[in-house]
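Visitor: I am new to protein models. Please show me how to read one, feature by feature.

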Amino acid sequence: MPDETAVAAPTGAGDDLRSAAVGTLRLPPRIHFGYGARRHLPEVVRVHGRRVLAVVDPFLVRTPIFRETVDALTGARLDVLVHSDITPELPVDSLDAAVATARDYRAEVVLAIGGGSALDAAKLIALLSAYGGPAHRYYGENLVPGPIVPLVAVPTTAGTGSEVTPVAVVSDPDRELKVGVSSPFLVPSAAVVDPEFTLGTPATVTAWSGIDALVHAVESFTARPVDLDWSGVLPVFTGRNVLSESVALQAAARLGPWLPVAVHRPGDRRARHEVALGSLLGGMAFGATGTHLCHALQYPIGALTKTPHGLGTGLMLPYVIDTLMAQPAVAARLAAIGAALEAVPAADASATRTLARVVEINREIGVPRTLAEIGLTRSQLPQIAELGLRSTRLIAAAPVDPSRELLLDILERAHDGALANGSLR
């Protein structure tokens, strides 16, 4: 069983490895983590109001842990109305009834309990309850006019980090890809992360959400620095920065050794603790910096194959690392991530070793090796590259200058299972 290891920010790798000398973090005012943290929910929720709309994944409603949570809230003289009509992939039209319910109920606080779709749904319900629709008014960055209905977020999977991030993603039938609403006003008022909620999560859900959390850490740590104009409105995602760097490394340190354990021993409380913490830290990191190439390519891949988000980002991670290694400054950062993943001294780390470890983690938890394995043909790859380029927010955060040719090269190697700097075997 892996040992817990503290990870420091890398040193001695030269100017290219040091982060930008500026930083921005946008986080919930209250973050509580640990087994039993859910018992603090009555105290956290009551600060914002008495009338609570609980937005919950449907399968949770009949579970003992959820009933215990609701009983604690009602026992604290809070009025709780449960909304559990949450649809996977979150079609935008599925929010209409929930928003109407929230308004009719005069919800004073929204409590989100569930996976990424439930948390994103709750963010948008809180937004649309406050300002009205249609939702497409808010697609993009910085279009939310002000504070939303207070939101308390309780994740039940370890991966999305949505409990601490400023973004919500929905499916819109009028768009080819999923679309996002990004605003500092979407950051929840509080996040309560209790690993108890993740016990019993199916192995595939643990794997796909957990590898996505690792992608968050890698892409946050390797994001391009942004030259910020402090006199104007800042972008929601401000690129690599001095405040998020060590958080991303800590996320990798938790996920690297413990994600395979959580997948194969789902009842292991230590593994669930470490992976939940890694997911939370990954969300804290990328909520400031943004993500880049794995996510830009996954959105069209997921749309075409109907495969889970984390499966797609995890599948693409080795091929994106393989490409980024060509840049010496980025290779140094990849080596630092690898040192965290394996808990080895910086002198023993390298980008090549990081790539090998990521490939090994994917193999251990069952991530498909190639795009061909999930049903894509080579003829579809140019379309995916074109669609990936349309994710301008994600592409802009990449540490290399993106082009159609670069994305297509990544996709072709991912289709064939070909790495320039290693092997998938």
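**Reading helices and strands**

Guide: Start where helix H4 stops: Gly-132 follows H4, and its phi is positive, near 80 degrees. Helices (H or I, at least four residues) and strands (E, at least two) are DSSP runs, numbered from the N terminus. This is a predicted model: local features need pLDDT of at least 70, side-chain atom pairs count only at pLDDT 80 or more, and totals for chains, interfaces and linings use all residues. Residues are numbered from 1 along each chain as its sequence is written, and side-chain values use heavy atoms, with hydrogens and water left out.

Visitor: How many residues of H4 are buried?

Guide: Buried means under 20% relative accessible area, exposed over 50%, partly exposed in between (1.4 Å probe, protein chains only). In H4, 13 of 16 residues are buried, so defined.

Visitor: How do I read a sheet?

Guide: Strands of a sheet pair through backbone hydrogen bonds, either parallel or antiparallel. Two strands count as paired if DSSP finds at least two bridges between them. Here six strands form an open sheet with parallel pairing, in the order E1-E9-E6-E4-E2-E3. Its edge strands, E1 (30–33) and E3 (79–83), each pair on one side only. From one strand to the next, the twist averages 15 degrees.

Visitor: What joins E1 to E9?

Guide: Four bridges do, and the two strands run parallel. His-32 stands opposite Val-192 in E9.

Visitor: Which strands does H4 touch?

Guide: Contact means heavy atoms within 4.5 Å. H4 (residues 116–131) packs on the sheet and touches E2, E4 and E6. Axes are lines fitted to C-alpha atoms, for helices over the stretch in contact, and angles run from 0 to 180 degrees between N-to-C directions. H4 makes about 165 degrees with E4. Helix H7 (residues 269–289) lies across E1 and E9, at about 160 degrees to E1.

Visitor: Where is there antiparallel pairing?

Guide: Look at E7 and E8, which pair in the antiparallel sense over four bridges. Ala-168 stands opposite Val-181 in E8. Val-167 and Val-169 point one way from E7, Ala-168 and Val-170 the other way, and all are buried.
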